Amino acid sequence: MIEFCKKRECLSREDRLRRSYYEVLRDELDQFVIGYSLVGSYNNFLRMKIPYPFVELRELKPRARIPSTEFEAQNSFLIIFCEDAIDDRHKKYIRYFDANKTTKTNLLHHKYFPNVENFNRNIKYFETDQFFALLRSLLPVDYALLIQRSRQTRIQYALTHFHVRVDWPIADASEDLAKYLRYISKDLYEKGDKYAEDLQKKLFEYYGVPVMAGGRRTAAAVAAQYFRQFDGITTVYVASSESRGLLRMDEKGVSKAVLVEIPDDRVKFLAELGRISRNSFTKNYVVARQRKNVVCILNVRYDYTSHALPSEGGRLREVKPDANWLTVAEEHIWPKPAVLHRAPIPYKMIYATD
């Protein structure tokens, strides 16, 4: 059975310090990926003179269907950020080898890194000024980028590998989740093929991904489940050309960030919610203007329902395919990336027009 990461109160003082440092770095990574996946994509559409395909609010509801249209201008990527260093025994399922380390020799064969001749091995470390430039240059690469703790130090993190494949079978991931939630006792197929198929569909729902999702989102869900067997935290970020948003999977569950249009006449109301002036809201929260609307970042956090939590007393139970495993918990308008002095503003949009 897969267990969650160790909670902070169960860690040594040294490991608590490392977790605090990891969370600080993750806050910085959050800002970068939001800027790249949302604001950067919006600017791509502007440059190509293509209307931005805003996500419909119904697509943010649990189990919603997402249109299968792919948009070339949308930035796509997959990042796995581990609190711990990955042990070599995991190479059976997580493909990170010498051939895809972030070294000058490997990058010379890669068209996306623009300044490889001046490559400095230290820029792969999170703490260096050029780290995000390296990260940005490698984001278009197929498969995942891996950021993990350096094995040489206790609390230093580095972008150690690119083009990382997650080759854990979906059936194995579904089996482990189903055991954890006590829908099976031993084997995915112990209750028949139909039951096993339902459980595999529920794996995707558990991570906020449509069943027929593309490769990156499928890999993200499988990776998020695989890394739950680690003691440390793992955060998976995935952006796809279909979903037009940023999906984050971590120790707390699932959240999605998208760009939304808000009528200009709601700006005053939002400013009052945030206890700031209208001008301050516009300066710190508005990404762009679209005629009589403003464009902002909406972040949605989901909670698990009782069907997606371990059963009471660890008793075996039957899966109910029609029962929702996720529910909308919080909705916030987020400040623009790099804004330090403003907090997210709670604002319910998803069910506001139902």
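Trainee: How many of the six residues of strand β5 are buried?

Mentor: This is a predicted model, in which local features need pLDDT of at least 70 and side-chain atom pairs count only at pLDDT 80 or more, while totals for chains, interfaces and linings use all residues. Residues are numbered from 1 along each chain as its sequence is written, and side-chain values use heavy atoms, with hydrogens and water left out. Strand β5 covers residues 234-239; strands (E, at least two residues) and helices (H or I, at least four) are DSSP runs numbered from the N terminus. Taking buried as under 20% relative accessible area, exposed as over 50% and partly exposed as in between (1.4 Å probe, protein chains only), the number of buried residues in β5 is six of six.

Trainee: Which residues of β5 are buried on each side?

Mentor: Both faces of the strand are covered. One side holds Thr234, Val236 and Val238, and the other holds the buried residues Thr235, Tyr237 and Ala239.

Trainee: Which residue of β5 stands opposite Ile80?

Mentor: Two strands pair if DSSP finds at least two bridges between them. β1 and β5 run antiparallel and are joined by six bridges. Opposite Ile80, the residue in β5 is Val236.

Trainee: What is the bridge partner of Ala239 in β6?

Mentor: Strand β6 spans residues 246-250 and pairs with β5 in the antiparallel sense, over four bridges. The hairpin of β5 and β6 has six residues between the strands, and Arg244 there takes a positive phi near 55°. In β6, the partner of Ala239 is Leu246.

Trainee: Is Lys49 buried or exposed?

Mentor: Lys49 lies in the loop between α1 (13-47) and β1 (77-82). Its phi is near 55°, a positive value in a residue other than glycine. Because its relative accessibility is 77%, Lys49 counts as exposed.

Trainee: And Arg275, buried or exposed?

Mentor: Arg275 is placed in the loop between α7 (267-273) and α8 (278-285), and has a positive phi near 55°. Its relative accessibility is 79%, so Arg275 counts as exposed.

Trainee: Why does Ser174 count as buried?

Mentor: Ser174 belongs to helix α4, residues 170-181. Neighbours within four places in sequence aside, Ser174 is in contact (heavy atoms within 4.5 Å) with Leu188, Leu199, Gln200 and Leu203. Ser174 counts as buried because its relative accessibility is 2%.

Trainee: How far is Arg266 from the ring centre of Phe269?

Mentor: A charge sits over a ring if NZ of Lys or CZ of Arg is within 6 Å of the ring centre and within 35 degrees of the ring normal. Lys91 has its charged end over the ring of Tyr96, 5.2 Å from the centre. Arg266 lies over the face of Phe269, and its distance from the ring centre is 4.4 Å.

Trainee: Which element gives the most residues to the lining of the largest pocket?

Mentor: A pocket is an open set of points on a 1 Å grid over the protein atoms alone, where a 1.4 Å probe fits, with protein on both sides within 12 Å along at least five of seven lines; lining residues have an atom within 4 Å of a point. Of its 32 lining residues, the closest to the centre are Asp27, Asp30, Gln31, Arg248 and Trp334. With eight residues, the element that gives the most to the lining is α1.
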